[in-house]
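Have a look at the picture first, and then read on.

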Amino acid sequence: MPLSPTDEIVGPAARAGAGAGAFNVVQLEHAEAIVAGAEAAGRPVILQISENTARYHGGLEPIGLAALAVARAALVPVAVHLDHAESVDLVHEAARLGFSSVMFDASTLPYKENLRETREIAAYCHARDVWVEAELGEVGGKDGAHAPGVRTDPAEARDFVAATGVDALAVAVGSSHAMTTRDAVLDFALISALRDAVGVPLVLHGSSGVADAELARAVAAGMTKVNVSTYLNKQFTRAARTYLEAHPSAVDPRRYLGPARDAVADAVAHLLGVLHGGRG
C-alpha cells in the first residue's frame with residue numbers, strides 16, 4: 001500500500017536508529033502545543049487520540065477533525081493516530097475521518113483471539129492505506145502488555161506479526177501506563193531481542209515513566225515509536241496551577257491554558273531531541 005503519513009515518520013526513524021515521538025492529545029491545546037514543540041525542534045511528530053479521549057469529547061469526530069486541521073497547518077510532517085482502540089467501530093471511524101494510522105488493542109484477549117481480530121483490522125485498514133499498530137504482552141492478561149512484570153516473548157511476537165501483517169508492535173519491556181514518576185526499569189536486552197525477532201518497528205507505551213537517558217538507551221536498543229501522555233499532562237497541569245495560584249481572581253481560561261500549552265510545547269521539543277539523540 002502507499003506510505004501513510006505515520007509510516008513516513010516511523011519508517012525513516014527506524015532505519016536511522018532514531019525515535020519517533022508520539023504524543024497524546026486530550027484537547028485542542030494539546031494538539032497545538034505538540035505541533036509547536038515539533039516545529040521548534042524541527043522534527044516530525046505523531047498526534048495520538050485515545051479511545052478514552054474520544055469518549056471524553058462525546059465522540060471521535062470533534063477532537064479528531066481538530067487534530068487533523070492542526071496537522072495540516074503544521075510546518076513539519078504531522079500524522080494523526082488513533083491510540084488504544086478496543087472498538088472495531090472506532091477504528092473504522094478513524095479511517096473514514098482521515099487518520100493515517102490506528103493502534104488496535106486486543107492485548108487483553110487470549111492470544112488466538114487477539115491474533116484473529118488484529119488480522120481482520122489490519123486487512124481492513126491496509127485496504128484504505130491506514131497503518132496499523134498492535135499490542136502483544138501477557139496472554140489474556142487483565143492489563144495487557146503493561147501489567148506489572150509482564151514481558152513480551154520474542155518468538156511469539158515474531159509469529160504474531162507474521163500472522164497479522166501489522167506495521168508496528170507495542171511490546172512489554174518494563175514500562176507502565178500513567179506513571180507520574182520517571183523511574184521505570186526497562187529490559188534493554190529484551191528490546192534488542194525483540195528488534196532482532198520482529199521485522200516491524202517496536203513501540204514503547206508508558207514512556208512517561210522512563211527517564212531521558214533511559215529513553216535514549218531504549219531507542220539505541222531497538223525501540224522506534226515512543227508514546228508519551230502523562231508526562232505532558234503533568235507539565236500542562238503544573239503550569240496552569242502555577243498561574244492560578246499567582247492569579248486567584250483569573251476567570252478567562254486563555255490566561256492559564258496559554259502557559260499550560262507553552263509548557264507542553266517545551267516538553268515536546270525537549271523529548272524529540274532526546275529521541276533523536278542529537279541527530280541532524
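Among contacts in the chain between residues at least 6 apart in sequence, what percentage join residues at least 24 apart? The share is 70%. Keep in mind that this is a predicted model.

Zooming out, the secondary structure of the chain consists of eleven helices and eight strands. Of the 280 residues in the chain, 54% are buried.

How confident is the predictor? The average pLDDT for the chain is 90, and 89% of the residues score at least 70. Residues 138–146 have a pLDDT below 50, although this stretch makes 31 contacts in the model beyond near neighbours in sequence. Where pLDDT is low, the predicted coordinates should not be read in detail.

Now for the pair of helices. Helix α8 and helix α9 pack with their axes 8 Å apart, at an angle of about 30 degrees. Angles under 35 degrees count as roughly parallel, so α8 is roughly parallel to α9. The crossing of α8 past α9 is right-handed.

| Helix | Range | Residues in the contact |
|---|---|---|
| α8 | residues 188–197 | Phe 188, Ile 191, Ser 192, Arg 195 |
| α9 | residues 212–221 | Glu 214, Arg 217, Ala 218, Ala 220, Ala 221 |

Sorted by class, the contact of α8 with α9 has five nonpolar residues, three charged residues and one polar residue.

Notes: Residues are numbered from 1 along each chain as its sequence is written. This is a predicted model: local features need pLDDT of at least 70, side-chain atom pairs count only at pLDDT 80 or more; totals for chains, interfaces and linings use all residues. Side-chain values use heavy atoms; hydrogens and water are left out. Axes are lines fitted to C-alpha atoms, for helices over the stretch in contact, and angles run from 0 to 180 degrees between N-to-C directions. Helices (H or I, at least four residues) and strands (E, at least two) are DSSP runs, numbered from the N terminus. Angles under 35 degrees count as roughly parallel, over 145 as roughly antiparallel, 65 to 115 as roughly perpendicular and the rest as oblique. A crossing is left-handed if the near helix is turned anticlockwise from the far one by less than a right angle, and right-handed if clockwise. Contact means heavy atoms within 4.5 Å. Ala, Val, Leu, Ile, Met, Phe, Trp, Tyr, Cys and Pro count as nonpolar, Asp, Glu, Lys and Arg as charged, and the others, Gly among them, as polar. pLDDT is the predictor's confidence in each residue, from 0 to 100. Buried means under 20% relative accessible area, exposed over 50%, partly exposed in between (1.4 Å probe, protein chains only).
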